[in-house]
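Hello,

Here is the structure I promised to pass on to you. Please open it alongside this email, and my notes follow below.

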Amino acid sequence: MIDDNPMEHLIMQKMFDRYQLFPNATHSTDGQAIIEFLKKNRLNTAALPDLIFLDLNMPRCSGFDFLEQFEKLYLSFHKPVSIYITSSSSFENDRQRTLSYQFVKEFLTKPVRKDKLVQIYVTYFKTNRKAG
């Protein structure tokens, strides 16, 4: 999860723990640091995340900045990495802009609901089971 608000991390992690979702979740408040990590580990499938929950409105490296940089790296990854946007934005332009990226799976309005997290989790594991 990438979000500049530590409270958002706490809320999501409590949901992950309570509903036994995403047991290996990691959190960052710095999108640029994650871009650098992805650049260094682009060929290391074990180090790459399976999915990223990304906030749009962040200082230094906004969610849109992250998406632009991620797009340049995406094709060099040796496994797919999906992004789920988490935002309090209600602007349709933001939604449409993020969904134009092939690796963005969904635009989720904060606070993210339990049923949506469960749906993403089940979809993710169903996909992995078929591939494995």
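**The sheet and its helix**

E1, H3 and E2 together make a right-handed β-α-β unit. Please keep in mind that this is a predicted model.

The unit belongs to an open sheet of three strands, ordered E1-E2-E3 and paired in parallel. Strand E1 (51-55) and strand E3 (104-109) each have a single partner strand and stand at the edges, so one side of each is left without a neighbour in the sheet. From one strand to the next, the twist averages 20°.

Between E1 and strand E2 (residues 82-87), the parallel pairing runs over five bridges.

**How enclosed is E1?**

Although E1 is an edge strand, five of its five residues are buried, so E1 is largely enclosed by the rest of the structure. In a regular strand, side chains alternate between the two faces of the sheet. Both faces of E1 are covered: Leu-51, Phe-53 and Asp-55 are buried on one side, and Ile-52 and Leu-54 are buried on the other.

**Aromatic rings**

Searching the whole structure turns up 12 aromatic pairs. One of them joins Phe-16 and Phe-22: the ring centres are 5.1 Å apart and the planes stand at 65°, so this pair is edge-to-face, the cut-off being over 60 degrees. Phe-16 counts as buried at 2% relative accessibility, and Phe-22 also counts as buried, at 11%.

Which arrangement do the rings of Tyr-101 and Phe-103 take up? Their centres lie 5.4 Å apart and their planes make 35°, so the pair is tilted. Tyr-101 is buried, with a relative accessible area of 9%, and Phe-103 is buried as well, at 1%.

Tyr-101 and Phe-103 also belong to one aromatic cluster, together with Phe-66, Phe-70, Tyr-74 and Phe-77.

Best wishes

Technical notes:
Residues are numbered from 1 along each chain as its sequence is written. This is a predicted model: local features need pLDDT of at least 70, side-chain atom pairs count only at pLDDT 80 or more; totals for chains, interfaces and linings use all residues. Side-chain values use heavy atoms; hydrogens and water are left out. Rings of Phe, Tyr and Trp (its six-membered ring) pair if their centres lie within 6.5 Å; planes under 30 degrees apart count as stacked, over 60 as edge-to-face and the rest as tilted. Buried means under 20% relative accessible area, exposed over 50%, partly exposed in between (1.4 Å probe, protein chains only). Two strands pair if DSSP finds at least two bridges between them. Helices (H or I, at least four residues) and strands (E, at least two) are DSSP runs, numbered from the N terminus. Axes are lines fitted to C-alpha atoms, for helices over the stretch in contact, and angles run from 0 to 180 degrees between N-to-C directions. A crossover is right-handed if, with the strands pointing away from the viewer, the path from the first strand over the helix to the second runs clockwise.
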